[in-house]
Each structure stands twice: as C-alpha cells, then as structure tokens.
Amino acid sequence: MSAPLEQRIAAMLAREVHPAVAAQARLLGEEAGALAVLFYGSNLRTGSLEGVLDYYLLLPGTPEKGMWPRVSYREWQANGETLRAKIATMTLAKFAEAAAGDTLDTTIWARFVQPSALVWARDEASRGAVSEAVASAARTAARLAVALGPERGPAEEFWRALFRATYRAELRVEKAGRENAILDVNREHFAGLLRAALGSAGVPFGEDGAALAPRMPAAERRRILAWWRRRRRVGKLLNTARLVRAAGTFEGAARYAAWKVERHTGVRVELTPWREKHPVLAAPGVLWRVWRERKAAR
C-alpha cells in the first residue's frame with residue numbers, strides 16, 4: 001500500500017539539500033520575515049549548484065490581490081563560487097489558495113505536484129501549513145489528471161495527460177514530449193502518487209495490475225472539465241500579463257539577463273547604471289551588440 005498522501009508529502013519536503021542551498025534559504029527567509037522557503041527545479045534533483053537555483057519565499061499575511069508572485073534575482077559567493085538564484089515571493093495564504101485550485105492560476109499546483117523541498121520554516125505551524133498546501137496541489141492535479149486521462153490505464157498516462165494540457169495552457173516554449181521528460185526523471189516521486197492523491201481527494205478507483213480505473217462520477221468529471229476550460233482560456237493571457245509586469249518589477253533583472261546572455265552566447269554584457277535601471281529599454285541595444293559580435297566571431 002502507498003503511504004497516505006500527507007505522509008508522502010511530508011517525507012518529500014524533508015529531503016536534504018546542498019548546505020549552500022539551505023544556508024541561503026535561511027538568509028532569505030529571515031531577511032524577509034517569511035514563514036517558509038521552498039526549493040524546487042532541476043537543481044533539487046541533481047544536487048548541482050550550477051545555473052539558477054529556484055526558491056519560493058512564502059510570507060505571512062492575507063492573500064494578495066492582483067499579480068503574483070513577485071520575482072527577484074540574487075547572486076552571492078559561497079566558498080569562492082558565484083551562486084545565482086531566482087526567487088518568487090508571495091504569501092503562504094495565496095500559495096495555499098492557488099494550490100487548491102481556487103484561483104485561475106495553473107502554475108502553482110502543476111509545479112508543486114512535482115518534487116520540492118521545504119528547506120527553511122519559521123516554526124512547526126508554518127511547516128505544517130506548507131505541507132498541507134503542497135498536498136492540496138497534488139489533489140488538485142490528480143483530479144484533473146483523471147478528468148483528462150483515459151478511462152483506464154497506468155498512472156503515467158494520467159500524469160502525461162495532465163502535463164500535456166498544462167503546458168499547452170501556459171505561455172512556454174517547451175519541446176514536444178516535455179511531459180515525458182518530467183515523468184522519466186522523477187519516476188520515484190510519481191510512483192504511487194496518483195493512488196495516494198486520489199485516496200486523499202475521495203476519488204474511488206479500481207486496480208488491475210498496473211492499470212488504474214478511476215470511478216469519478218460523470219457530473220464531477222463535467223464540473224472539473226468546466227473548471228479547467230476556464231483556466232485554459234486565460235492561461236496564456238495570465239502568463240503574458242505576468243511577464244509584462246515582471247519586466248518592470250523583476251529585481252535584479254538586468255544582472256539575470258546579462259548572465260543568461262553570456263552563458264548562452266559567450267558575449268559578455270557590461271552592466272552600466274542605465275542598463276541596471278532600464279533593462280527593458282536597454283534590451284534592443286544589447287541584443288544588437290550580441291548579434292554583431294557573434295557574426296564577427298563567425
């Protein structure tokens with residue numbers, strides 16, 4: 001038998017991370033007066049410090065209105081190595097709402113049904129609230145996976161249907177088959193997760209070997225599909241609005257962009273005070289210079 005969902009989530013969130021990741025999470029949390037800091041992404045799986053580390057900083061307070069989360073970028077030195085982080089900041093209350101599917105957002109529950117680690121929490125109450133929110137994300141994702149998936153099949157087919165749909169609903173440039181890559185690299189995480197999430201969500205199912213046959217009532221399936229259609233219709237618009245907002249509010253955007261350009265093109269971008277202050281206005285000139293230098297190099 002799979003462990004109940006809440007036990008699985010608590011064990012996942014308690015996984016160990018690189019000491020440098022944990023140290024920075026504590027610093028970020030204490031500086032911001034946060035309740036908790038989550039860590040996720042490919043660096044969680046590999047343990048590598050290369051590239052950009054991904055954190056979610058969860059604050060106290062009532063659920064915020066408008067666009068969220070707020071995104072920032074930070075660099076720091078650890079044992080002579082430059083580490084980089086992208087930090088998404090929002091209230092824990094709004095995070096829990098989004099995880100439960102109570103907002104039009106699709107990114108929170110689709111992201112946090114995948115592996116994450118709770119690398120810092122102010123206290124046990126905060127730790128418990130984050131754990132429940134992540135379990136809620138798994139229940140939200142599992143219900144939709146069943147509504148979108150086959151009548152009967154391996155658990156992977158239900159998850160595959162879910163991720164294929166969420167990628168199409170968001171403004172992302174992903175290679176075809178990205179949903180397969182998620183399942184391939186996180187097999188241990190997803191093994192048994194659908195059963196546990198459906199059990200926690202009160203969705204009955206039959207089993208025949210490796211195949212699951214969810215017995216979701218037709219009326220419930222229609223309700224969930226209608227819920228999804230509303231989110232699918234606004235998904236790209238919501239993502240676009242967040243990108244536009246981030247262009248003007250992304251703290252450290254110029255440094256982040258300069259690092260990305262150099263990493264992918266080999267062209268070093270000088271960060272002038274004007275470029276730091278006006279990253280969007282500076283972008284065309286920077287891209288023109290990168291194009292000329294790459295052309296000259298060829």
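# A tour of the predicted model

The chain has 14 helices and eight strands; these are DSSP runs numbered from the N terminus, with helices (H or I) of at least four residues and strands (E) of at least two. This is a predicted model, in which local features need pLDDT of at least 70 and side-chain atom pairs count only at pLDDT 80 or more, while totals for chains, interfaces and linings use all residues. Residues are numbered from 1 along each chain as its sequence is written, and side-chain values use heavy atoms, with hydrogens and water left out.

Start with the whole chain. Of its 298 residues, 48% are buried, where buried means under 20% relative accessible area, exposed over 50% and partly exposed in between, with a 1.4 Å probe and protein chains only. A contact is a pair with heavy atoms within 4.5 Å. Among contacts between residues at least 6 apart in sequence, 69% join residues at least 24 apart.

**Stop 1: helix α1**

Select residues 5–13, which form helix α1. Which residues of α1 are buried? They are Leu 5, Arg 8, Ile 9, Met 12 and Leu 13. Looking down the axis of α1, these buried residues fall within an arc of 125°, so they line one face of the helix; the arc is that of the directions from the helix axis to the C-beta atoms. Now show what covers them, including β1 (36–40), β5 (116–121), α6 (124–148), α9 (187–190) and α10 (193–201).

Keep α1 and α6 on screen. Their axes come within 9 Å and cross at roughly 120°. Axes are lines fitted to C-alpha atoms, for helices over the stretch in contact, and angles run from 0 to 180 degrees between N-to-C directions. The two helices are therefore oblique to each other; angles under 35 degrees count as roughly parallel, over 145 as roughly antiparallel, 65 to 115 as roughly perpendicular and the rest as oblique. On the α1 side, the contact is made by Leu 5, Glu 6, Ile 9, Ala 10, Met 12 and Leu 13, and on the α6 side by Ser 131, Val 134, Ala 135, Ala 138 and Arg 139.

**Stop 2: helices α7 and α8**

Move to α7 (residues 155–169) and α8 (residues 178–185). These helices pack at an angle of about 135°, with their axes 8 Å apart, which makes α7 oblique to α8. Residues of α7 in this contact include Trp 159 and Phe 163, and those of α8 include Ile 182 and Leu 183.

**Stop 3: aromatic rings**

How many aromatic pairs does a search of the whole structure find? There are eleven. Rings of Phe, Tyr and Trp (its six-membered ring) pair if their centres lie within 6.5 Å; planes under 30 degrees apart count as stacked, over 60 as edge-to-face and the rest as tilted. One of the pairs is Trp 159 with Phe 163, which is stacked, at 6.5 Å centre to centre and 25° between the planes. Being four residues apart in α7, the two are separated by about one helical turn. Trp 159 is buried at 1% relative accessible area, and Phe 163 is buried at 1% as well.

Next select Tyr 40, Tyr 56, Phe 95 and Phe 112, which form one aromatic cluster.

**Stop 4: Ile 224**

Finish in helix α11 (residues 218–249), where Ile 224 lies. Is Ile 224 buried or exposed? Ile 224 is buried, with a relative accessible area of 3%. Beyond its neighbours within four places in sequence, Ile 224 is in contact with Arg 143, Leu 144, Ala 147 and Met 216. Leu 148 is 76 residues away along the chain, yet the C-alpha atoms of Ile 224 and Leu 148 are separated by 9.2 Å.
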